[in-house]
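Please look over the sequence and the model below before reading on. The paragraphs after them are meant to be read with the structure open.

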Amino acid sequence: MKIYMQLLAQAKKVDKAGENRNYFAARMTNEINEIIRVLQLTTYDEGEWDADNLTCIKKAQNAINGNLQTAHDWIEDPMAVTGGIGEKSVRHILEYAQRIADRALPPDREAIHKCYGDINAMTNALCELRREGKGGTPQAQSLSRSIGQKLKDLNALISRAIANIERSGIQQPAHTIHGRVEQAIAWLSNPNFDDKGLGEQAINSIIEEGRRIANISPAAHRQDILNLCNDCESLNTQLQDLCRRGQGNNPQAHEIARTLSQKLDELKTH
């Protein structure tokens, strides 16, 4: 609108002013629509990170795939600006890759972290060149090609990480207290079920986190939290002992499991 008024003030033709106004309005509309499109493709509820590792990694990979085209378009355009939606797509991909690495099995975790580091370093270098107006130089073009290939490599590493988790059947405690409590309670509802130790790991992790929170809590609440942690630990030990003796399905085990579930729920609210 500012350009529109300037053209009018300079006694330019009204139709020329309107043409410029429409051009810039169309560009703004296209940019907004592109932002909305990418957000729809790439955004999902952070609460979903309470779910199991495999589900979370698959959702994160879908989010990465939603960013890939915009990222590649930005990488391949030597005139593309830094800080725009294209660069942000690359940064989002790297953010999701880090989260995936945290949940992957150790060998895959290391490979994804390395690939992440390479892409991050090269993207920073490319942004610096483009800010200096050197986006079309051979060095910048070489970086662009390398980043594009590394993004493909990253996606392949993530697919491999998913396949390895599926083959292993190994699960890990969720990344949030809420998620761990859900995992623990799922096992406590049937303590005789062999969940490969996931429930016990989740409970131990909750207790450890509870004690950490107690240490930084006001004195008035500290002892209550520590008492809950001690109760949970004692009940968990009793239940594990019964399960090891093949008695995880008897009335005593179920009573301990019910009490432990209640204690964990109390601990979650502190």
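What follows goes through helix geometry, helix packing and salt bridges in turn.

The model is a predicted one, in which local features need pLDDT of at least 70 and side-chain atom pairs count only at pLDDT 80 or more, while totals for chains, interfaces and linings use all residues. Residues are numbered from 1 along each chain as its sequence is written, and side-chain values use heavy atoms, with hydrogens and water left out.

Helices here are DSSP runs of H or I with at least four residues, numbered from the N terminus, as are strands (E, at least two). Helix 3 covers residues 53-76, and at 1.5 Å a residue its 24 residues should span 34 Å, which agrees with the 33 Å between its end C-alpha atoms; the expected span is 1.5 Å times one less than the number of residues.

Two packed helices are described by the angle between their axes and the distance between the axes. The axes of helix 7 (residues 177-188) and helix 10 (residues 251-269) come within 10 Å and cross at roughly 175 degrees, where axes are lines fitted to C-alpha atoms, for helices over the stretch in contact, and angles run from 0 to 180 degrees between N-to-C directions. Helix 7 and helix 10 are therefore roughly antiparallel to each other, a label given to angles over 145 degrees, with those under 35 counted as roughly parallel, 65 to 115 as roughly perpendicular and the rest as oblique. Their contact (heavy atoms within 4.5 Å) involves residues including I177, V181 and L188 of helix 7 and A257, L260 and L264 of helix 10.

The whole structure holds 14 salt bridges, each a side-chain nitrogen of Lys or Arg within 4 Å of a carboxyl oxygen of Asp or Glu. In helix 5 (residues 106-131), K114 and D118 lie 4 residues apart, about one turn of the helix, and their side chains meet in a salt bridge at 3.2 Å, N to O. K114 is exposed at 55% relative accessibility, whereas D118 is partly exposed at 24%; buried means under 20% relative accessible area, exposed over 50%, and partly exposed in between (1.4 Å probe, protein chains only). K114 and D118 also belong to a network of salt bridges with K150.

Which residue forms a salt bridge with E209? The partner is R212, with the closest N and O atoms 2.6 Å apart, and R212 is partly exposed at 44% relative accessible area.
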